[in-house]
Each structure stands twice: as structure tokens, then as C-alpha cells.
Amino acid sequence: MKILLFLFTLFCSTLSISQIVFDKTKHDFGEINSNEPRFVDVYLKNKTGKDAFILSVKKPMEVVYIQRNALIAPDSSSVIRFQINKKTKGKFNYKIPVYTSDKNEPTEIVLTGKIASLPDQSNNFTACPSFGQSPAQGNPLDFMLTVETIDKATGEKLGKSKVAIIQNGSALGKWETASNGRLKLKIPLGITYFYATHSGYLPAEEGLYVNFKRNHVTLALTKKKASPVIPDTPEEPEELIAEEIESENDPEETIAETEERVIIIDESEPEEVDLSDLIEESPEVETEEIEEFIPPAFKELDPNNFDEAYFHPINVVFVIDVSSSMRQADRIELLKYSLDQLVGMLRPQDKIGLVSYASNAQVLLAPISGDRKEEITDEVKKLKASGLTAGGAGIKLGYKQARKNMIKDGQNHLIIITDGAFNRNSGDYKKYIKKNLHKKNITMSVVGIKSNEKSEANMREAAELGNGRFILIEKLADAQTKLKQEIRLTSFKYD
């Protein structure tokens with residue numbers, strides 16, 4: 001009986017694995033302007049072991065599509081291209097059933113977004129671009145990335161380096177390179193942040209857009225400066241040094257690996273990955289400007305302590321710059337990772353809201369309870385950068401959200417996250433900051449993401465007017481801790 005049950009389970013498991021796999025079932029276009037493409041490619045790969053077919057696609061009137069081929073041979077791929085033909089401005093949400101021969105039920109493709117502006121009336125959107133006009137790069141299910149760690153000065157390969165990879169603000173995982181300094185991974189294409197460490201070296205990190213043309217990433221690490229020799233060294237350290245040398249020469253550690261390490265990310269079962277043990281804290285000491293804000297009682301607490309005994313409930317609205325200057329991979333990923341780390345710390349009594357600004361300002365998430373983490377994280381992952389910088393409009397809308405959801409016996413706070421100054425439609429935002437501070441007691445801080453010195457002067461001034469602080473985030477170590485510390489410091493019970 002047990003054998004029959006095992007065979008049945010194995011059969012069901014095989015059926016669930018051997019099927020046509022879609023590279024995506026959801027796509028958010030974000031805001032689409034008149035001059036921007038409005039199509040997306042959905043790839044299908046046949047893993048059934050026999051010929052399979054795309055049977056039909058039940059599309060709505062405002063969507064057109066083309067497909068490369070209906071027949072998909074074993075271990076081969078096809079692609080369906082969908083184009084949005086919505087004739088009016090506004091949001092859209094289309095659910096498109098795709099029927100394939102491997103299963104009775106359709107696979108539903110969900111397309112969402114917002115038409116911000118329309119092209120000339122002469123263009124009626126009826127034609128979906130052919131694959132020849134706008135060729136797809138390749139099947140994302142087949143994408144393989146090579147990550148390599150080297151010594152920046154010599155170019156020597158650094159085997160057994162620790163590598164972490166982040167996409168959409170969440171860590172995909174952390175691994176060790178092979179003896180040849182390489183690591184091969186099958187990961188989704190897109191904006192990706194890389195972080196590498198190696199014993200005796202400073203960390204190396206970089207944000208890039210990886211695709212079929214950029215499928216090899218090299219992280220160059222710089223050797224740490226040697227520590228000064230201390231005279232009159234006692235005998236005990238000499239013994240320790242001898243032990244270290246012996247361990248370094250351990251034959252088990254020096255055996256060369258003949259195979260490259262290959263990692264395949266399973267997107268269907270994402271896991272939370274903690275990078276705190278890998279990310280090295282900056283050796284730089286906090287500036288006196290920040291230190292003066294931190295009371296001694298705060299420093300005595302564990303950095304992860306956010307207990308209600310020490311911290312007020314907080315209603316925080318983030319006003320996020322998603323203009324085109326934030327499009328750089330390192331900036332947008334540091335922003336998302338910072339918010340992702342913060343979300344994990346929030347309590348049910350806390351509230352968090354999200355407002356974005358680029359060419360205009362909009363509410364992404366009206367303030368909700370801190371325990372609705374999945375909803376918050378989903379909105380953070382959707383953030384995309386494009387357009388101008390309507391900073392003033394963003395600040396005003398952020399304050400409006402904070403006022404509507406004020407916590408009476410807690411802290412009400414606004415945090416602007418940007419890489420530069422507030423430009424388009426900024427108006428006299430300084431008066432607005434003062435007004436909300438004095439009449440509503442809503443404080444404000446500013447986070448600079450890899451910002452320049454000229455912009456920082458304006459950001460520091462704005463934070464000071466809001467009775468808050470300026471926080472600079474330039475690397476992953478900053479993103480890991482600084483935003484969390486700012487929330488803790490703002491809500492700390494001083495009395």
C-alpha cells in the first residue's frame with residue numbers, strides 16, 4: 001500500500017512539473033506615455049517531453065497579439081506578444097486566458113498599467129509590432145548569468161568569494177564562487193544589484209541591468225590596507241598566527257574545483273534571505289552631525305529593538321522620487337532594498353503610506369497597518385523610474401496623506417527619498433514644510449540615494465526645516481540599516 005501511495009505521489013509530482021512553463025503571468029506596464037512602446041512578450045517553454053500546442057488566446061477588444069508558432073516541440077519555446085490598444089487615458093487591468101494542450105484549465109495572463117498620454121489620432125494602435133521589427137532577446141527561462149570576482153589591482157580570480165544578488169529590493173540568495181572565481185546562475189532578467197566579499201578585501205557592489213547582451217558581470221575587489229605592525233607582540237598571538245597559516249594550507253581547502261558552480265533560482269517558491277551576516281558595516285564613523293541627534297539611552301538598545309515599551313507608534317508616509325534620474329540600477333535597487341528592510345520591522349500599530357513623484361505626483365498606497373507587509377512589499381516592487389521631477393507636488397501630496405491618517409498618541413512623519421533636488425513644480429515647498437510642522441506637528445526627514453554634494457545642501461536644509469534629519473544611502477550597508485534607524489530614532493520615547 002505504501003509503495004502504491006509513493007508511486008501515485010511521484011506520478012502526480014511528475015505531472016505538475018512536466019508542463020508548458022510561462023516566464024511570466026503578470027506584467028505591470030506602469031505609466032505609458034504617447035511615445036513609449038505598449039507591448040510585452042510572454043515566453044512559453046515545453047517541458048512535457050512531447051509536442052505541445054498553444055490552442056487559443058481569449059483576448060479583450062483592447063488587446064491585440066501575435067505568436068511565433070502554435071506547435072512547441074519538446075524542450076523548445078514559443079512566444080506570444082501582447083499589445084495594449086486602449087484608446088482612452090486611465091488605468092487598465094486585462095485578464096487573458098491562454099489555453100495550451102498540456103492542461104484543461106487556461107493560464108491567465110494579467111496585464112495592468114495606466115495610459116498617461118495618447119499618440120496622434122493617425123496612429124490607431126491596431127498593428128502589433130512583428131518579431132522582425134522588434135525582436136525579442138531570447139527566452140528568459142533560458143537566461144544564464146555568469147558572475148566573476150577578481151582582484152582589482154592584479155586581475156587575479158578570487159575563488160570562494162561570497163556573492164549576494166538582489167532584485168526588486170529582495171535578496172535572491174547568497175552563494176560562494178568556485179575556485180576559478182566564477183558563479184553561474186539562472187535568474188530573471190532585469191535590474192539587479194550585486195554584492196561580493198572576500199577575506200582580506202573591501203566589499204564590491206554594483207547595480208546593473210542584466211540581459212542576453214549583458215550576461216557576464218565582473219566584480220573587482222580592492223585589498224584592504226595592511227594593519228600596522230605592533231611591536232613587542234606577546235607569544236599567544238604568534239601561536240594563533242601559526243594556527244591560521246596551518247589552516248590556510250589545509251589540503252582540503254586548496255583542492256581545485258573542476259566544475260563551475262551553477263545555481264538555478266526557483267521563483268515559484270521564494271525564500272526570505274538574510275544578508276546581515278554578509279554585509280560589512282562601513283568602517284567610517286558616523287558624523288557628529290548625526291551623532292548629536294542620538295540620545296545615550298537609544299544607543300544602549302539592540303539595533304533591532306522596536307518594542308512599544310521604547311518606541312511610539314509611527315504614521316510614516318514615504319514620498320519617493322521615481323524620476324528618470326533614479327533609473328540607474330544601483331539607485332532604484334538601494335531604494336527598494338531600504339524599504340524592504342524597513343517593512344520587516346514594522347508593527348501592527350504602525351502605519352505606512354507611499355507617494356511617488358516624477359512628472360506628477362500620485363498616491364501608490366494610502367497609509368495601511370504595518371502588519372500588511374505583503375501589500376506594502378508588492379507596491380515597492382512595482383516602482384519604476386521615468387519622467388521629470390515634481391518634488392514640490394510630491395511633498396504636498398505626502399503631507400495630505402499623513403494628515404488624513406494621523407496617529408493621535410504617536411509620531412507622524414514624512415520621509416522624502418530622492419537622488420537630487422526638488423525641481424519641477426516645486427513651488428515654495430519650504431513654507432509648506434514649516435506650516436505642517438507647526439500646525440500639525442508632522443516632522444520630515446530626507447533620504448539621499450547616491451546624491452551629489454550640491455543637491456545634498458538643499459536636502460539638508462529641507463530636513464532641518466522639517467525638524468528631521470538628512471540620511472545618505474550610498475551602498476548596501478547603508479540600505480540595510482539607515483532607514484530602519486531613522487524610523488526608530490523618530491519614534492523613540494525620549495522621556
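Two strands count as paired if DSSP finds at least two bridges between them. Keep in mind that this is a predicted model.

Q: How do you know that strand 11 and strand 14 pair?
A: They share five bridges, and at least two are needed, so the pair passes. Strand 11 covers residues 162-167, strand 14 covers residues 190-197, and the sense is antiparallel. Within this pair, Ile 165 stands opposite Phe 194 of strand 14.

Q: What makes strand 12 and strand 15 edge strands?
A: The open sheet has four strands in the order 12-11-14-15, paired antiparallel. Strand 12 (170-176) and strand 15 (204-210) each pair on one side only. From one strand to the next, the twist averages 20°.

Q: How do you know that the length of helix 8 agrees with what it should span?
A: Helix 8 (residues 391-404) has 14 residues, and at 1.5 Å a residue it should span 20 Å. Its end C-alpha atoms are 20 Å apart, so the two agree.

Q: What covers the buried residues of helix 8?
A: Those buried residues include Ile 395, Leu 397 and Tyr 399. Among the elements covering them are strand 18 (314-321), strand 21 (411-418) and helix 9 (429-440).

Q: Which residues of helix 9 meet helix 10?
A: Tyr 429, Lys 430, Ile 433, Lys 434 and Leu 437 meet Glu 461, Ala 462 and Leu 465 in helix 10. By class, that contact has five nonpolar, no polar and three charged residues.

Technical notes:
Residues numbered from 1 in each chain as written. Predicted model: local features only at pLDDT ≥ 70, side-chain atom pairs only at ≥ 80, totals over all residues. Heavy atoms only, no water. Helix = DSSP H or I, 4+ residues; strand = E, 2+ residues; numbered from the N terminus. Axes fitted to C-alpha atoms, helices over the stretch in contact; angles between N-to-C directions. Expected span 1.5 Å × (residues − 1). Buried < 20%, exposed > 50% of the residue type's maximum accessible area, 1.4 Å probe, protein only. Contact = heavy atoms within 4.5 Å. Nonpolar A, V, L, I, M, F, W, Y, C, P; charged D, E, K, R; others polar.
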